Amino acid sequence: MTATSAVSQEILNPHLCIEGRRRLQGVLKVSGAKNSALVLMTAGLLTDETVELTNVPNLTDISGMGRILSALGVEVHHSGDSVVLNAANLTSHEPPYELVNSLRASFFCIGSLLGRLGQARVPLPGGCRIGARPVVEHIRGLKALGALVSVEHGIVTASVKGSRKRLTGAPIVLDCPSVGATETLLMAAVLADGTTTIENAAQEPEVQDLANLLSQMGADISGAGGPVITIQGVERLHGVRNYPVIPDRIEAGTFLLAAAITRSPIRVEPVTPEHLSAVLQKLRDCGCQLEIDHRGISITPGDIQAVDITTQPFPGFPTDLQAPFMALMTTAKGTSVISEKIYENRLQHVAELQRMGASIRVEGSTAIVEGVSQLSSAPVTGSDLRAAAAMVLAGLAANGTTKVSGLKHLDRGYDNVEEKLNAVGANLKRQQS
Ligand code: EPZ
């Protein structure tokens, strides 16, 4: 890049200009789940046959995962909402550092590489703004399955002894119900010799989606979605055609909150309601009426009252909707206590909301939000994917035009968010400087 273009890159600060206080109406369309599609793509490494995923969201993280898998020798074809993978001719067991470092989910391929090849060298995923993001549980579990694992110079090297290079099934008890560890160990165990049990497993819908795909590939798994998952190792896995990724529950929750914060009646679809039970309860508690059917949810916001939330592993209130929900609480009647129990540093959106007139006090990992009658527009930045979403919601409600930067975060998790919101009456414009 020349000096001039480097400077212009510096000056170019892509942002969304959001006109506030517009009423929304119509249907907000939900894409496939980012946090499912990414891990389902790594499961493609477990077979030499073709795996086709559909309802895949159009996100920068999906393209990034495609590049990582291609670097391992996987044939990747991505067109529309379909991703077709073929890992018959793997050429490497070491995804490149510069690609892994920016995409945490790629670390989970250590499980599928070990299961398929009996070896893997994967860079440690970097921490990020919201926390240290350790992978202790993943490594402990892989060792329990008989892998030799060492961590040196930021690289995790794992291998399996013996000519067959097969892991050995074992009982595993997780210290914490880590989503990524549960997914990594599921993928490592499906081709292991014997039986594996994962206790204190994560119960998130994305874990269930992975178990469903692996079962359709020929794996023998029971209990996924509950606290104990049992896997009987099998000899090999086969391909799958046209496997649909589940709807993104976090995008759906974000859209329901967009309706609530603008006091607009909106329909959100497709949604799997049981993937959002805790969030739907809090929306009812704070004054929204919900009509739920098997395809989606229609929300009619009332007079929004403050409610308390504490983030928990599924089926509790999801940490990924903590920031968007806080945006709603800034204009609720009363005081809301919001406790973040999953990550050590996921309250950075508080300062940005305060710039828009929100009245929030932070004590440790708890935010006390005093509802105000009106937010006012300001230039703000989203510091992580969901904080950026929270700022978009605040901009929809604020007086004036809000400028939200940090779109590289937003575009990682929301597929064409301005097109979808503008289709129901919002006015968001993406600008470069
Ligand atoms: C997944 O991350 C999601 N990402 C995250 O979504 C989500 O916030 C998180 O699950 C929790 O629901 C993907 O699926 C790609 P964890 P993951 O391991 O697997 C601690 C978003 O915005 N922990 O369940 O990394 C850890 O520090 C992203 O879409 C350990 O202590 O989450 C964290 O505090 C953000 N030791 C908590 O558990 C370990 O060995 C949750 O981590 C592993 C984790």
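Is His 153 buried or exposed, and what is its relative accessibility?

Analyst: His 153 is exposed, because its relative accessibility is 81%. Exposed stands for over 50% relative accessible area, buried for under 20%, and partly exposed for what lies in between, calculated with a 1.4 Å probe on protein chains only. The model is a predicted one, so local features need pLDDT of at least 70 and side-chain atom pairs count only at pLDDT 80 or more, while totals for chains, interfaces and linings use all residues. Numbering runs from 1 along each chain as its sequence is written, and side-chain values rest on heavy atoms, without hydrogens and water.

The residue sits in the loop between β7 (147-152) and β8 (155-160). Helices (H or I, at least four residues) and strands (E, at least two) are DSSP runs, numbered from the N terminus. The phi angle of His 153 is near 50°, a positive value in a residue other than glycine. Asn 200 is another non-glycine residue with a positive phi, of about 65°. Asn 200 belongs to the loop between β10 (195-199) and α8 (205-216) and is partly exposed, at a relative accessible area of 30%.

Ile 110, in helix α5 (residues 109-117), is buried, with a relative accessible area of 0%. Setting aside residues up to four places away in sequence, Ile 110 touches Ala 120, Val 122, Leu 142, Val 156, Ala 158 and Thr 184; contact here means heavy atoms within 4.5 Å. From Ile 110 to Ile 68 there are 42 residues in sequence and 12 Å in space, C-alpha to C-alpha.

Next come the cores. A nonpolar core is a set of buried Ala, Val, Leu, Ile, Met, Phe, Trp, Tyr and Cys residues joined through side-chain atoms within 4.5 Å. The largest has 73 residues, and those touching the most other members are Leu 186, Val 190, Leu 214 and Ile 221. Apart from this core lies another, of 71 residues, with Ile 266, Ile 297, Phe 317 and Ala 358 among them.

Two cis peptide bonds can be pointed out here. One joins Glu 269 and Pro 270, with omega about -10°, and Pro 270 is in the loop between β14 (266-269) and α10 (277-285). Another joins Phe 314 and Pro 315, with omega about 10°, and Pro 315 is in the loop between β17 and α11.

Strands pair if DSSP finds at least two bridges between them. Strand β17 (residues 309-310) and strand β18 (residues 335-339) run parallel and are joined by two bridges, with Thr 310 opposite Ser 339 in β18. Ser 339 has Thr 366 as its bridge partner in β20.

Helix α13 (residues 385-397) is largely enclosed by the rest of the structure, because 13 of its 13 residues are buried. At its start, a side-chain oxygen of Asp 384 comes within 2.9 Å of the backbone nitrogen of Arg 386.

The ligand has 21 residues around it, and the closest are Arg 104, Glu 137, Ser 178, Asp 320 and Ile 342; a residue counts as near if one of its heavy atoms lies within 4 Å. A ligand oxygen atom is 2.7 Å from a polar backbone atom of Glu 137, and a ligand oxygen atom is 2.4 Å from a polar backbone atom of Ile 342. For Arg 346, an N or O atom in the side chain is 3.3 Å from an oxygen atom of the ligand. Such polar contacts are pairs of N or O atoms within 3.5 Å; within protein, one must be able to donate a hydrogen and the other to accept it, and residues adjacent in sequence count only if both atoms are side-chain atoms.

Finally, Asn 427 lies in the loop between α15 (417-422) and β23 (428-431). Its side chain makes a polar contact of 3.0 Å with that of Lys 429.
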